[in-house]
Structures are given as C-alpha cells and as structure tokens.
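The following paragraphs lead the reader through selected features of the structure shown here.

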Amino acid sequence: REWRCKWSGDGDKASLVALQATLEKYLDTLKGVDGCQGVQRIVCGGCLDFKIITSVAAENFGDWEAKQFAPEEEALKAMGEIAGVSCVETQTYTLASM
C-alpha cells in the first residue's frame, strides 16, 4: 500500500521535515501490521514526491484492508495538515522481484 503526496521546498524544506516526523510517528505501527514485509520511504527532490510503501504478504493483505489499512486515515490526515503538502493520495499495487 502506498501513501504519497507532494511537498514544498519552501521554508528550507519544512514540509519534508514534517513529513519525515509523521512517518516516524507511525512507523512502528506500520511495521507491526500482520504480514508486514517492510516499509520504504521514497523522496524525490526533483518532482517533490514523498512516498511511504508498506509491503504486506498477500495472505495478510485482506485482513489489513478490512481494517481500512490502519493507521492510514489518521496518518493521511496528519500529512494533509502540514503546510506545503498537497495531493495526498493512496494506491494499492503488487511488487514482484524479477
């Protein structure tokens, strides 16, 4: 499951710093999701993307989905309240090593 948004370079990248702090607040909860295989953070300084990707085993995904991907709602709300953050979105996809 991916959470993503755009951040602003204004204020010496204050929104990026705040997004990182938000991730750190929820990181242990994400890592504690049943079947969690890892949490990744992606930051692009060119297009100003900030992404959090939580990989969950396929057999556990439905249970997490039934829980509305907790703590997603709370975390997305916190991300959206940060000055300079826009386009807060989610996406579900699969990843496979080839």
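Glu2 belongs to strand β1, which covers residues 2-6; strands (E, at least two residues) and helices (H or I, at least four) are DSSP runs numbered from the N terminus. The model is predicted, so local features need pLDDT of at least 70 and side-chain atom pairs count only at pLDDT 80 or more, while totals for chains, interfaces and linings use all residues. Residues are numbered from 1 along each chain as its sequence is written, and side-chain values use heavy atoms, with hydrogens and water left out.

Glu2 counts as buried because its relative accessibility is 4%; buried means under 20% relative accessible area, exposed over 50%, and partly exposed in between (1.4 Å probe, protein chains only). Beyond residues up to four places away in sequence, Glu2 touches Lys51, Ile52, Ile53, Glu89, Thr90, Gln91 and Tyr93, where contact means heavy atoms within 4.5 Å.

Attention now turns to a pair of helices. Helix α1 (residues 10-31) packs against helix α3 (residues 72-80) at an angle of about 165°, and their axes lie 10 Å apart. Axes are lines fitted to C-alpha atoms, for helices over the stretch in contact, and angles run from 0 to 180 degrees between N-to-C directions. The two helices are therefore roughly antiparallel, a term for angles over 145 degrees.

From α1, the residues Leu19, Thr22, Lys25 and Tyr26 meet Glu74, Ala75, Ala78 and Met79 of α3. Thr22, a residue of α1, is buried, with a relative accessible area of 13%. Apart from neighbours within four places in sequence, Thr22 is in contact with Ala75, Ala78, Met79 and Ile82.

Methods: Angles under 35 degrees count as roughly parallel, over 145 as roughly antiparallel, 65 to 115 as roughly perpendicular and the rest as oblique.
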